[in-house]
Amino acid sequence: MNDTVAQVVVAFLYILILAVLARSLISWFPVSPRNQYVQLLVRVTEPLLEPVRRIMPRTGIIDLSGFVVIIVLYVMINVVHRAANM
């Protein structure tokens with residue numbers, strides 16, 4: 001794998017991790033869902049979070065889907081790093 005391509009993919013994955021973290025943090029505060037930045041975060045992260053929510057059992061008020069998505073994204077980063085070093 002080309003190093004430049006690997007760097008771009010890893011940067012994109014880190015941006016997704018930050019978006020999931022921001023979405024999780026925002027859920028703790030009373031923020032208007034009509035806020036354009038909140039809507040952007042929802043549009044970016046919901047395709048990642050929604051399939052995990054369907055698979056995971058309900059844990060009450062705590063949503064662990066963001067945690068699972070972040071772990072999967074870190075695994076993907078590790079895979080890209082290994083592929084770039086071959």
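Predicted model: local features only at pLDDT ≥ 70, side-chain atom pairs only at ≥ 80, totals over all residues.
Local features need pLDDT of at least 70, side-chain atom pairs count only at pLDDT 80 or more, and totals for chains, interfaces and linings use all residues. Residues are numbered from 1 along each chain as its sequence is written, and side-chain values use heavy atoms, with hydrogens and water left out.

**View 1. Helix α1 against helix α3.** The axes of α1 (residues 3-26) and α3 (residues 65-85) come within 10 Å and cross at roughly 170°. That makes α1 roughly antiparallel to α3 (over 145 degrees). Axes are lines fitted to C-alpha atoms over the stretch in contact, with angles from 0 to 180 degrees between N-to-C directions. Helices are DSSP runs (H or I, at least four residues). Contact means heavy atoms within 4.5 Å. Residues of α1 including V9, L13 and V20 meet a set in α3 that includes V69, L73 and I77.

**View 2. The two faces of α3.** S65, G66, V69, I70, L73, I77, V80 and A84 are buried (under 20% relative accessible area, 1.4 Å probe, protein chains only). They cover an arc of only 130° around the axis, which puts them on the same side of α3. The arc is that of the directions from the helix axis to the C-beta atoms. The buried residues pack against α1 and α2 (36-55). The face turned away carries F67, V79, R82 and N85, which are exposed (over 50%).

**View 3. V69 in its setting.** V69 lies in helix α3. V69 is buried, at a relative accessible area of 5%. Not counting residues up to four places away in sequence, V69 touches V20, L48, L49 and V52.

Conventions:
Parallel < 35°, antiparallel > 145°, perpendicular 65-115°, else oblique.
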